[in-house]
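Keep the structure open while you read.

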Amino acid sequence: MKKVMSMVLSIVMLITMLSVGFSAYADAPKTFYVYSAVGDYEENVFEDVDAAYWEEQYGIANYFDSKDGTLYIYGKNKIPNHYLSPNIYYARDYGEAWKMHYKLNEEHIEFMRKNVKSIVICEGITGIGVAAFANIFDNVESVYIPSTVNTIDYEAFARMKKLNSLHIAEGVKHINVPAFCDCDSLTEVTLPKSLKTIDISQDQEVQNLRIHWYDIYDGETSPFDYCDNLKKIVCLSDNLAFGYIAVSCPSLETIVLASHDLGEVVYRCPALKDIYFLTKNNNGAGAQYIVPLIESAKLHPFELDKSITEFDYWYGDYQNATIHCYRESQAHQIFSHITNNIQFLDAAKVTGLKVDKAYVNSVKLSWKKCKSGATAYEVQRYMNQARVWKTVAVTDSNTCTVKNLCSCDTYKFRVRTVNKTDYTDEKGEYCKAIKAITKTAPVTVTATAKSGKIKIHYDKSYNATEYEIYIKSGKNGKYKKLATTKKLNYTTKKMKKGTYYIKVRARKKLSKGKYNYSAYSKEVKVKL
């Protein structure tokens, strides 16, 4: 016994991060003693089994930490059906009335109802049985399910009205419906990549109860039935075989799906705004089921003979929803029958890249704005010395001014789209690169008169190879080219007395007869 308690305390210390803070409870039981009673409904004969037998029979025990209100369940087996649930089930099996009744130690029921705030299933537990924690944990706010659990069974955590934090670790493979029904405080749930099925429990007890179950849930059920405030479900599994994700969740707005063949996914969720298909391999089969079509019977996945009137209300689940899917999929061909709200997750390709205007130390680029498939644009410049492309800007506009360039120089640019959502981050192909030449920098001119001549000087313009000198006589005269030179100074011949104006521009030869000119310098006045 001491060895067992030592192991329990070690587990408690390792998982304290999952606990929620509450003050200590006076006279709190360390273990909830569980009794089972199975008997005939009419004769009402029960067989009581004490807690020691239960633990010995199933290898499952629990420990309650009164300091923070966390209940730890530990062991190496599956948690039995109705482990800590006082629920009574009625059903009909082969036409005969029967009753199965599991009960708790009565002195602990109210204590659990009021004081348990968090449930932690410890590593080693292999499954969670039918209604194992249903209908009693009114104040539980968080549940942790470890990677060693294979299956979460029918109504395992049903009607936890304050549950708002649910963590299902990678490793869990099967969820039997409706495992988390009526958990009204859940707002967001992420299902693990390891999940393989969402289906009806194969437990014999549940099979016996199926007639009763159909009466309650109208034949359609999911892990999260009637979770009134659930807004988002993220299903990361890309290998999920079948099953509804949500049924009758009036606040559900977003579904994120990684699988490409999911079958029917949602039912009676009228607030749905966004459906994400994260796979690039969607062949349309799964999409056909998530959005049942109402335009004609032949398009309906169930292939009804004449009319689909009874399914018309399904259309309300999707008519305002935006479908997010990859262009490679066929999903949009099906969705287009019922909605125009389709957004593609793959990134489009940029077209029409051009130089709008070149400046001395910057270049303004523009391209055609993509109608879809782009949330931003990534602009790259080729670095000549390093011989690599470097990202110089990311913008949501279809224009970009690249700064800090050298004057009178040639650059190469390319652009690609970035299409990023909360769940995807796609990048498109780069468009064909274009060249851009910055303007030649203007020069600053000085001029002095001496001995009837004008001596002209100007600073060097980066990368310029020649300078054109212009002169005019008088304020209203016309400029004439005086000279073209590679030097940074020039002296005129002897000139007549008068007032002269001088300006200079730099240039670089690009090809035969074509030059890259700077702007003219400010004119300077000199008097002879």
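**Rings and their neighbours**

Arg505 lies over the face of Tyr517, 3.8 Å from the centre of the ring. Keep in mind that this is a predicted model. Counting ring pairs gives 13 aromatic pairs.

**An edge-to-face pair**
- Take Tyr276 and Tyr423: their ring centres are 4.8 Å apart and their planes meet at 70°, which is over 60 degrees, so this pair counts as edge-to-face.
- Tyr276 has a relative accessible area of 9%, so it's buried, as that is under 20%.
- Tyr423 comes in at 23%, so it's partly exposed.

**A tilted pair**
- Tyr517, the ring with Arg505 over its face, also pairs with Tyr515.
- The centres of Tyr515 and Tyr517 are 5.8 Å apart and the planes are at 45°, so this pair is called tilted.
- Tyr515 is partly exposed, at 25% relative accessibility.
- Tyr517 is partly exposed too, with a relative accessible area of 26%.

**Another charge over a ring**
- The charged end of Arg414 sits over the ring of Tyr430, and the distance to the ring centre is 3.8 Å.

**A cluster of rings**
- One aromatic cluster is formed by Tyr83, Phe133, Phe137, Phe157, Phe180 and Phe224.

Conventions
Residues are numbered from 1 along each chain as its sequence is written. This is a predicted model: local features need pLDDT of at least 70, side-chain atom pairs count only at pLDDT 80 or more; totals for chains, interfaces and linings use all residues. Side-chain values use heavy atoms; hydrogens and water are left out. Rings of Phe, Tyr and Trp (its six-membered ring) pair if their centres lie within 6.5 Å; planes under 30 degrees apart count as stacked, over 60 as edge-to-face and the rest as tilted. Buried means under 20% relative accessible area, exposed over 50%, partly exposed in between (1.4 Å probe, protein chains only). A charge sits over a ring if NZ of Lys or CZ of Arg is within 6 Å of the ring centre and within 35 degrees of the ring normal.
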